[in-house]
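Work through the exercises below with the sequence and the model open. Each task is followed by a solution in steps.

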Amino acid sequence: MKTNLRVKLWLGAGGIGLLALGVGVFLWLGTPRVIPPEPTTIPTTTNLSASPAPTPPAESVGDIPPAALVGSPLPPVDYPPGSVGEACGVNSYLSRVEYFDSDYKTRSGLENSPFDSNGAWKPLTDGCLTALDNQLYTTNPYLWFDSTKNRQFAFIVTDQPLTFERLFTDPVGDLLRVQEALARPECHPRDDPKSNWKLNETCHADALLNYALITRLCYGEWVSDRTRTYYWAEDNPTPEQDRSMWIQDLEEVWVHLQCESLDPALDLQSEVQTELRAQLRALYPDSPNQTLGGILIELAARLGDDAAALTRTVITSDRFYWNDGYKYGPLAGWFTNVFDPYELFTKLSPSIERLRQLVPLFGKNIGAAGGKLIKFDHEALVQHLCTPPYYDTLSDSLIAPDPPSCREIINELRQESLRPPMLEAIATFEDVAMRLEVYE
């Protein structure tokens, strides 16, 4: 099975190929859907306002009449009521594998395709859009974009979770708050990165991160494509696996619709934001290659936003983007002095050295520099430590050969002379792992 390949999804006269989302990938549609924040204006730059929601067209994907399929129809998947699969009528879609294996002329004439004859998505029903709202509003955009590189967001609990809903609730207001923060000298970075952690509210650290991710999601600064799971005919995917690819497509449609509803003046690269770009560049005159989004994220971490403080540099095939929030935020001392972020965040196979270092996270009162208490989702952390696939550092692959089980490693660890806090942490770790049935 081929998984985790980076592709771009593109709609056009040639069918559907593959489009960089910039933390994402979009399908460019012509029907915006707006998350309704309180209307806000930005008098210091331009008057921004959200576009009104359009009248839903009569024809929608959920109402497509039956027609000839490409190959044999797939058995239906039992999707829960209100889920994306059910509400968007994914069972009525063609096999995605066979659809893209067929020629454009065949595809363009099929009424039960989710695309029209020009290769554009047919309008989605209100029920489908509501199901996508429910699914993605609570999703962390970093995990949606690439869960393999951003696992820290899955098992470290923050006081103000980063979600798509947080990003799209009031982007205009976030930009106003960014401008307000940059106008205040006390919100600028200092030589001592700890000096202004306590200014997270007065300097609007959350808005800095929100606007940075709007910039990357909606205006193309993100330098890597979204990681997705793909199946080919030779993989012989199950009906659920085949349709999971359509659901990934629908999620990208949803993200694009949110971005399309924004006023173009929110674009940090637009002419009206010339002054704002200059202000950001002035904060880091010695880092000309730093992206504007990266500057905003680092500043948000310096000012105490917990989510920004979990970001880290991600290397791509030809370049990297800077998100080293963990070096500057409230968690900085804990990460750099207690745990190596790479070792913690990367999904390496269990070993006695790894569990000896990480099982203490299941103890009580895990602290950080400055008295910041770190909260862990123990279930997510156990899944991270004890379930394959693991990253194999020797072959630079996500598949590690024959890794030992967590039970084997813990039994070996118990042979050492351990202090009571470590024994208590091991007991908690074992309890969670056995309850999740991932201990063997």
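The protein exposes about 20,000 Å², and carbon and sulfur atoms supply 52% of that area. Accessible areas come from the Shrake-Rupley method with a 1.4 Å probe, and for residues only the protein chains shown count as cover. The model is predicted: local features need pLDDT of at least 70, side-chain atom pairs count only at pLDDT 80 or more, and totals for chains, interfaces and linings use all residues. Residues are numbered from 1 along each chain as its sequence is written, and side-chain values use heavy atoms, with hydrogens and water left out.

**Exercise 1. Overall make-up**

Task: State how many helices and strands the protein has, and what percentage of its residues count as buried.

Solution. 
Step 1. Helices (H or I, at least four residues) and strands (E, at least two) are DSSP runs, numbered from the N terminus. The protein has 18 helices and 8 strands.
Step 2. Buried means under 20% relative accessible area, exposed over 50%, and partly exposed in between (1.4 Å probe, protein chains only). Of the 440 residues, 51% count as buried.

**Exercise 2. Disulfides**

Task: Find how many disulfides the structure holds, and describe the pairs C187 and C203, C218 and C259, and C386 and C406.

Solution. 
Step 1. A disulfide is a covalent bond between the sulfur atoms of two cysteines. The criterion applied here is a pair of cysteine sulfur atoms within 2.5 Å. The structure holds 4 disulfides. With bonded cysteines counted along the chain, their pattern is 1-2, 3-4, 5-6, 7-8.
Step 2. The sulfur atoms of C187 and C203 are 1.9 Å apart. The torsion about this S-S bond is about -80 degrees, so the disulfide is left-handed. C187 and C203 both sit in the loop between α8 (171–182) and α9 (205–218), 16 residues apart. Both cysteines are buried.
Step 3. For C218 and C259 the sulfur atoms are also 1.9 Å apart. The link is left-handed, with -65 degrees about the S-S bond. C218 belongs to helix α9 and C259 to helix α10 (residues 239–260), so the bond ties together parts 41 residues apart in sequence. C218 and C259 are buried.
Step 4. C386 is joined to C406, S to S 2.0 Å. This link is left-handed too, at -100 degrees about the S-S bond. It connects helix α16 (residues 378–386), which holds C386, with helix α17 (residues 406–413), which holds C406, across 20 residues. C386 and C406 are buried.

**Exercise 3. The contact of α11 with α12**

Task: At what angle do the axes of α11 and α12 cross, and which residues make the contact?

Solution. 
Step 1. Axes are lines fitted to C-alpha atoms, for helices over the stretch in contact, and angles run from 0 to 180 degrees between N-to-C directions. The axes of α11 (residues 274–283) and α12 (residues 292–302) come within 10 Å and cross at roughly 60 degrees.
Step 2. The crossing is left-handed, a term for a near helix turned anticlockwise from the far one by less than a right angle.
Step 3. Contact means heavy atoms within 4.5 Å. From α11 the contact takes R277, L280, R281 and L283, and from α12 L292, I295, L296 and L299.
Step 4. These residues divide into 6 nonpolar, no polar and 2 charged. In this scheme Ala, Val, Leu, Ile, Met, Phe, Trp, Tyr, Cys and Pro are nonpolar, Asp, Glu, Lys and Arg are charged, and the others, Gly among them, are polar.

**Exercise 4. The cover of α12**

Task: How many residues of α12 are buried, and what covers them?

Solution. 
Step 1. In α12, 11 of 11 residues are buried, including E298 and R302.
Step 2. Their cover includes α5 (141–145), α8, α9 and α11.
Step 3. After α12 comes G304, with a positive phi near 105 degrees.
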